[in-house]
Amino acid sequence: MVKVDAMGKLCPEPVIMTKAEVEKGADEIEVLVDNDIAVSNVTRLLEGKGFSVELSRSGNERKLTAKKTASGSAPAASSKRDELLAILVAHDVLGGNDKELGEVLMKAFLGCISKLSRRPAVMAFMNEGVKLVLPESSACDYIKELEKAGTKILVCGTCTTHFNITDKIAVGTISNMFEIMEMITGADNTLIF
């Protein structure tokens with residue numbers, strides 16, 4: 001069994017370390033991490049690569065024990081056309097210095113995207129953009145609509161930790177820079193706001 005000690009490592013390092021061992025051909029992996037965001041991110045990576053994952057805890061240590069069971073699966077999308085578009089949102093407003101106008105524009109922008117026939121396969125929220133997935137955000141309901149329609153919503157865990165809102169997000173999956181970049185760079189077209 002391959003052992004990965006990612007204790008004390010910041011996101012996305014635990015995912016990168018685990019992925020490196022998977023790519024070397026490991027069939028059984030034990031990963032040690034010290035936070036729930038890393039547990040979620042590493043588990044998602046391993047399950048996507050065809051591993052079954054068990055979690056055990058001891059004090060601050062979380063141990064993921066994974067065994068290869070299948071060939072893995074590709075990210076789901078509602079159609080081939082949807083797989084072509086990714087959107088990275090790094091701000092909670094759209095545009096320049098007028099915050100009030102920027103909030104109105106961002107809400108309208110996300111509202112329009114939620115009504116399009118060609119929705120993005122993935123939307124990633126980073127930096128101040130993570131504030132849009134809070135329940136009090138005027139745009140949160142549109143993001144929920146997108147997720148229900150099949151858009152994968154990824155939310156930067158480092159960013160939610162920085163703003164102390166990790167336990168408050170109302171939509172999406174807490175993710176990491178590596179997974180977000182993999183999804184964004186895997187798209188044919190990417191919009192960045």
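The model is predicted, so local features need pLDDT of at least 70 and side-chain atom pairs count only at pLDDT 80 or more, while totals for chains, interfaces and linings use all residues. Residues are numbered from 1 along each chain as its sequence is written, and side-chain values use heavy atoms, with hydrogens and water left out.

Two packed helices are described by the angle between their axes and the distance between the axes. Here, the axes of helix 1 (residues 13–23) and helix 2 (residues 36–48) come within 9 Å and cross at roughly 25°. Helices are DSSP runs of H or I with at least four residues, strands are runs of E with at least two, and both are numbered from the N terminus. The axes themselves are lines fitted to C-alpha atoms over the stretch in contact, with angles running from 0 to 180 degrees between N-to-C directions. That crossing angle makes helix 1 roughly parallel to helix 2, a label for angles under 35 degrees. On the helix 1 side, P14, V15, T18, K19 and V22 make the contact, and they meet A38, N41, V42, L45 and L46 of helix 2 (contact means heavy atoms within 4.5 Å). Sorted by type, the residues of this contact are 7 nonpolar, 2 polar and 1 charged.

Next come the cores. A nonpolar core is a set of buried Ala, Val, Leu, Ile, Met, Phe, Trp, Tyr and Cys residues joined through side-chain atoms within 4.5 Å; buried means under 20% relative accessible area, exposed over 50%, and partly exposed in between, with a 1.4 Å probe and protein chains only. The largest nonpolar core has 36 residues, and L110, M123, F125, L132, I143 and I180 touch the most other members. Strand 5 (85–89) gives the most to this core, with 5 residues. Leaving out residues up to four places away in sequence, L110 touches M123, L132, A139, Y142, I143 and L146. There is also a second, separate core of 16 residues, with V22, A38, V42 and A66 among them.

S40 and S175 are 135 residues apart in sequence, yet 7.9 Å apart in space, C-alpha to C-alpha. N60, in the loop between strand 3 (51–58) and strand 4 (61–68), is partly exposed too, at 48%. Beyond its neighbours within four places in sequence, N60 is in contact with M7, V33 and D34.

Technical notes. Parallel < 35°, antiparallel > 145°, perpendicular 65-115°, else oblique. Nonpolar A, V, L, I, M, F, W, Y, C, P; charged D, E, K, R; others polar.
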